[in-house]
Amino acid sequence: MKQMRLSRYVLLACLSLPTVTLHAAPADSAATNTHPVAASAIPPTAPQSAPKIAPTRVISAGSNVTEIIVALGAGDVLVGVDSSSRLPADSKAATLGYIRQLPAEGMLALRPDYVIGSDEMAPASALTALQQAKIPLTVLPSDTTPEALKAQVTQIAALLHKEAEGQTLQTKIDQQLEQLAQTRAQLQSKQHGKPLKAVYLLLHDGRPPMIAGGNTPADTLLTLAGAVNPAASVRNYQTVSAESLLAMQPDLIVVSERNWTGDADSLLAKQPLLQNTPAGRNKAVLPINGKALIGGIGLSTLSEAQRLANHLNQQ
């Protein structure tokens, strides 16, 4: 109880300081989000020099950011994460909630000495409170390329004084990308110039599905796996009609495990026109870890891309 009262006093003291103006991220940044959301509360920060002393109490916001920290062997410094983050079973880090609804008081109560997150972090008031409390904050772009992922590994490794571990992780990423390239080559040799078409759908009860367009983590996943996204010309995530899906004639429908009932027939019953596509006729629906697509491309995106590539190779 005393700690909670203290955290309230800290928050009030922070809010009494001069206001720090936060600028919205460029409109293009919304195109990289896993879900269609409003513009970022704060733009990505430029790469910063590493602190003289390695942080020991870190808050991470964004599943891709958290998995990099854990992969660097620094999971023990985490004191708080957002709800999309997956942690080792023995982690004692607190879950702070949805990345776009991070609680200012909850974060300050954890007494972090550093906050690292994607540019999907919000609301602006919570980030303002962190800045006014003089807590170092690094905001990483929600990018969709393997090169951007490697750059984030380098930046996070430097911030946490884990440069050697960062080099090891870079090597692992290169090996994963090489394996994906080999699997794509095997797939292409079987296709005889007719690549498989795959779409990624966001399913919501009572609402039309949304399809992943180009410049999204889902599009990167499909491309890395060797599939062609027939919706690549679409910006970000857009509601898609059954008639549009029919015209795309996908060979495979990829969905998030979170929204998957485990029954292709249920999906086809809701979208009967899909039965007239190769995916519908073959009941070709593949659930994946949707958290691998939150906050830009991450380590789990590569793993899911390899799983998808293996699946396509078996068709």
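Q: Which residues in H7 are buried?
A: In helix H7, these are Pro 217, Ala 218, Asp 219, Thr 220, Leu 221, Leu 222, Leu 224 and Ala 225. Buried means under 20% relative accessible area with a 1.4 Å probe, protein chains only. Helices are DSSP runs of H or I with at least four residues, strands are E runs of at least two, and both are numbered from the N terminus.

Q: Okay, and what should I know about the model itself?
A: This is a predicted model, where local features need pLDDT of at least 70, side-chain atom pairs count only at pLDDT 80 or more, and totals for chains, interfaces and linings use all residues. Residues are numbered from 1 along each chain as its sequence is written, and side-chain values use heavy atoms, leaving out hydrogens and water.

Q: What comes just after H7?
A: Gly 226, with a positive phi of about 100°.

Q: Which strands does H7 lie across?
A: H7 lies across E6, E7, E8, E9 (252-256) and E10. Contact there means heavy atoms within 4.5 Å.

Q: And what order do the strands of the sheet have?
A: The order is E8-E7-E6-E9-E10, an open sheet of five strands with mixed pairing. Two strands pair if DSSP finds at least two bridges between them.

Q: Which strands stand at the edges?
A: E8 (237-239) and E10 (285-288) do; each has a single partner strand, so one side of each is left without a neighbour in the sheet.

Q: How do E6 and E7 run, parallel or antiparallel?
A: Antiparallel, with three bridges joining E6 to E7. In E7, Ile 211 is the bridge partner of Leu 201.

Definitions and conventions:
Buried means under 20% relative accessible area, exposed over 50%, partly exposed in between (1.4 Å probe, protein chains only). Axes are lines fitted to C-alpha atoms, for helices over the stretch in contact, and angles run from 0 to 180 degrees between N-to-C directions.
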